Amino acid sequence: MATTDDMDMAVRKAGSGEGDCLLLWILVWSELAAFGALLVAFLLTTVVDAGGASLLRSHLHPGLAALNTVLLVSSGWQAALAVRGGEGAVRRPLMLAALFGLAFAAVKIAEYTVEIRSGIGGAGTLAELYFLVTGFHLLHVVFGTGILLLVAWRPSRANVVMIATLWHVIDLVWLVMFPIVYLT
């Protein structure tokens, strides 16, 4: 996860005009708003359809989701190390961040397979919202992993800061999503 020093560094870089920081922050806030709307819809639907919520929870696997939390936090840690690293110390942490992202995707796909086989579709609207919210996040992880690999291949300081910032947003969304979806 990002530390205060990492955030201070990002703010300094934004103030110095390095990169397209305004567009980056517009993207960050629009992503947070989109996920926020989806999570509010999920929460409201669990209140309205308590029986469906109970049925959905019986098909979910919080242990796999907890493993994915560890994978994403580890990935975010590697992205933060890339931001803090010097010119030669960027590729390895970005590659490790991408590897953890791919591991997250593999676990999530395995989780989906088990859930679909167990009949999660019977939870109706909540099952649809579950797949919408978590699938949208999974797409972000897969896309972000590709960008991490691209930046690792041809790193520039501005691109490392930008993908690390976006990767931390993906982490943050999961850290909010995990208790809402799996633990409430």
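Throughout this passage, buried means under 20% relative accessible area, exposed over 50%, and partly exposed in between, with a 1.4 Å probe and protein chains only. By that scale Tyr130, at 1% relative accessibility, counts as buried. The model is predicted, so local features need pLDDT of at least 70 and side-chain atom pairs count only at pLDDT 80 or more, while totals for chains, interfaces and linings use all residues. Residues are numbered from 1 along each chain as its sequence is written, and side-chain values use heavy atoms, with hydrogens and water left out.

The overall picture comes first. The protein has seven helices and zero strands, where helices (H or I, at least four residues) and strands (E, at least two) are DSSP runs numbered from the N terminus. Read from the N terminus, the order of elements is α-α-α-α-α-α-α. Of the 184 residues in the protein, 45% are buried. Contact here means heavy atoms within 4.5 Å. Among contacts between residues at least 6 apart in sequence, 82% join residues at least 24 apart.

Helix α2 (residues 21–48) packs with helix α7 (residues 157–183) at an angle of about 10°, and their axes are 11 Å apart. That angle makes α2 roughly parallel to α7. For such pairs, axes are lines fitted to C-alpha atoms, for helices over the stretch in contact, and angles run from 0 to 180 degrees between N-to-C directions. Angles under 35 degrees count as roughly parallel, over 145 as roughly antiparallel, 65 to 115 as roughly perpendicular and the rest as oblique. On the α2 side, the residues in contact include Leu24, Trp25, Glu31, Phe35 and Leu43; on the α7 side, Met162, Thr165, Val169, Val176 and Val181 are among them. By class, this contact of α2 with α7 has 18 nonpolar, one polar and one charged residues. In this classing, Ala, Val, Leu, Ile, Met, Phe, Trp, Tyr, Cys and Pro count as nonpolar, Asp, Glu, Lys and Arg as charged, and the others, Gly among them, as polar.

Helices α3 and α6 meet in another way. The axes of helix α3 (residues 50–59) and α6 come within 8 Å and cross at roughly 55°, which means that α3 is oblique to α6. Here Gly52, Ala53 and Leu56 of α3 meet Leu126, Ala127 and Tyr130 of α6. The contact of α3 with α6 has five nonpolar, one polar and no charged residues. Ala53 and Leu126 are also touched by Thr46, as is Arg57, not counting residues up to four places away in sequence. Thr46 lies in helix α2 and is buried, with a relative accessible area of 14%. Thr46 and Leu126 are 80 residues apart in sequence, yet 7.2 Å apart in space, C-alpha to C-alpha.

Further along α6 (residues 125–153), Thr145 is buried at a relative accessible area of 3%. Leaving aside residues up to four places away in sequence, Thr145 touches Ala98, Gly101, Leu102 and Trp167. Val141 is also found in helix α6, and at 0% relative accessibility it counts as buried. With the same exclusion of residues up to four places away, Val141 touches Leu72, Gly101, Phe104, Trp167 and Ile170. A search of the whole structure finds eight aromatic pairs. Rings of Phe, Tyr and Trp (its six-membered ring) pair if their centres lie within 6.5 Å; planes under 30 degrees apart count as stacked, over 60 as edge-to-face and the rest as tilted. Tyr130 and Phe131 form an edge-to-face pair, 5.1 Å centre to centre with 65° between the planes. Phe131 is partly exposed, with a relative accessible area of 25%. The rings of Phe178 and Tyr182 have centres 5.9 Å apart and planes at 35°, so this pair is tilted. Both residues lie in helix α7, four residues apart, about one turn of the helix. Phe178 is buried at a relative accessible area of 14%, and Tyr182 is buried at 5%. Ring pairs link Phe104, Tyr112, Tyr130, Phe131, Trp174, Phe178 and Tyr182 into a cluster. Elsewhere, the charged end of Arg154 sits over the ring of Trp153, 5.8 Å from its centre; the criterion is NZ of Lys or CZ of Arg within 6 Å of the ring centre and within 35 degrees of the ring normal.
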